[in-house]
Amino acid sequence: MEKLEALFDHIAARVNVNLKPMGIDVRPLLNNAIPRERHLLYYAFYALTEDHPISFRFTNSNLSGSYFLGKTQVDRSVLYKSDIRGDELKQKGDVVEFNGVKTKLFYDEVIRITNSFLVKTLVHNQSKNPEIPEVFRILNTVAMHYSNIHGTTTEGVYLGPFSTVDLSVMHNCVVGDFAYVQAGDLSRVNIEPGRIWLKAGDLFEFNYVYPEGVVDKYVKLDENGKLTGQFIEYVDDFKEDFVPIYSTAAPETDVIIPESAYVSPYAVIKGHCEIGENALIVQRAHVENSIIGEGANAQENCYIKNSIFEGNNVTAHGGKVIHTRNGKNVFVGFNSFVHGTESCPIIIGQDSIVMPHTIIDAEEPIEIPENSAIWGYVTKQADLATQCVSLDDLAKTTEITLGNATFKGDGMAFVKAFKHRIDHIREENGAYFDGSDKTRGHAQKTQDACFNILQPFQSGPEAGMYPTMTIGD
């Protein structure tokens, strides 16, 4: 595995050059986060559909377990069970708008990952970078377990486990464990663990920081790359369920799937489950004893157990929903943990928004009113007094402080931005499909996907590395 070790050294050097001013040394993390022998055990795979360009290039890289859809180039990088999804890449001739200025693309957009290390990291493209509109770039970046790179360029960035960077443009910065940031161009910024920060220029800003000790209880990465906490314990409980579906090139399921819906062959459907029309359950989602209603979706690294989704529900990447009833149109944000039990169930009223990186860990039955926004750390009904607000009231405010959360700016713009984003997700996922080409989304476009596997060298100096490959139509 000489060349794989040399690649780790190369990535560490490149990332450390960028992050030295931030006091970060990624070398111990790269040395210890994932045992080397695991890089021999997994194949990578890519999907071919008529709706997505066939263009992949892999050079001097390890791709263990990764999934590719849409134009992607990977150079001198290590991707361990990551998920690289380019189904919303823009194409040549598309007109894009940045800050009111429109420009036409001269080339198809491509995801380009160089000198980076992604550990079980979800990458999803919806680029907002006006500097390079034809390239979704991840450069000199280390992203740890179950972090999300969603709609943003990262250059010289470290992401802690279960963190998310969303729609921002990130340069030479650090995002702490379980932090979520959507705040625009960031350079030389250190986002502390457990901070939830949404900022849209001078329009609005939301800030929340978890109380001391809470994040460590759920996710903690030590200086040697050892990850502990309740999140990783929960995920590890279901690892064996994924073994059978990744042990065959053509996994099958017994669940009844409507013609307008899609369940990835690389998702786990366990126990008694019902799937509604226009529903979408993607690869690496885990659904057990649950009802996924019409137009609802479960995205990558979601865990849904003993729950009911009444319809048009969105569970964003990494969301976990257990013993919960979600009313219609409920949104559960990135990496949120909505954890009820049989004796302490959770009910979320329709049209409500569970903000990204929310922890609802019920110690008693909890009911969230309709049309609410909820965030932070909730264990009992009384916690809603400082961590839940009516969306109608929020839309009327210009400044509010509730517990550890502060909001300043145009409340109406904040609410509209969230609702517009959620509606866009439903539309892209095919929740509104009516049989016409115009309303087709991911649930319809990926139904006939063909999956092809890629395997690494198993011995010698190249062991763990993937051969150089160019795949096109």
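## Domain interface

About 4,400 Å² is buried between domain 1 and domain 2, and carbon and sulfur atoms give 58% of that area. Buried area here is the accessible area, taken with a 1.4 Å probe, that two parts lose on being put together, summed over both. In domain 1, the residues that lose the most area to domain 2 are Phe204, Phe206 and Tyr234, together 16% of what that side buries.

The structure is a predicted model, in which local features need pLDDT of at least 70 and side-chain atom pairs count only at pLDDT 80 or more, while totals for chains, interfaces and linings use all residues. Residues are numbered from 1 along each chain as its sequence is written, and side-chain values use heavy atoms, with hydrogens and water left out.

## Domain layout

Domain 1 consists of residues 2-235 + 449-472, and domain 2 of residues 238-446; such bounds come from an automatic or database domain assignment. The centres of the two domains, taken over C-alpha atoms, are 23 Å apart. To the contact, domain 1 gives 51 residues and domain 2 gives 49 residues, where contact means heavy atoms within 4.5 Å.

Four salt bridges are counted between domain 1 and domain 2. A salt bridge is a side-chain nitrogen of Lys or Arg within 4 Å of a carboxyl oxygen of Asp or Glu. Arg85 and Glu300 form a salt bridge through their side chains, at 2.7 Å from N to O.

Across the interface of domain 1 and domain 2 there are 29 residue pairs in polar contact, both residues at pLDDT 80 or more. A polar contact is a pair of N or O atoms within 3.5 Å; within protein, one must be able to donate a hydrogen and the other to accept it, and residues adjacent in sequence count only if both atoms are side-chain atoms. On the side of domain 1 that touches domain 2, strand β22 (residues 204-209) supplies the largest share, six residues. By class, that side has 27 nonpolar, 14 polar and ten charged residues. Nonpolar covers Ala, Val, Leu, Ile, Met, Phe, Trp, Tyr, Cys and Pro; charged covers Asp, Glu, Lys and Arg; the others, Gly among them, are polar.

Strands (E, at least two residues) are DSSP runs numbered from the N terminus, and two strands pair if DSSP finds at least two bridges between them.

Two parallel bridges link β33 (residues 308-309) to β36 (residues 324-326), and Phe309 stands opposite Asn326 in β36.

## Strands β9, β12 and β15

β9 pairs with β12 (residues 135-139) over five bridges in the parallel sense, with Leu139 of β12 as the bridge partner of Thr114. Leu139 also stands opposite Glu155 in β15. β12 and β15 (residues 153-159) run parallel and are joined by two bridges.

## Salt bridges overall

The structure holds 17 salt bridges. One of them joins Glu109 to Lys90, with the closest N and O atoms 3.2 Å apart. Glu109 lies in the loop between β8 (101-104) and β9 (110-114), and Lys90 in the loop between β6 (83-85) and β7 (95-98), so the pair ties together parts 19 residues apart in sequence.

Conventions: Helix = DSSP H or I, 4+ residues; strand = E, 2+ residues; numbered from the N terminus.
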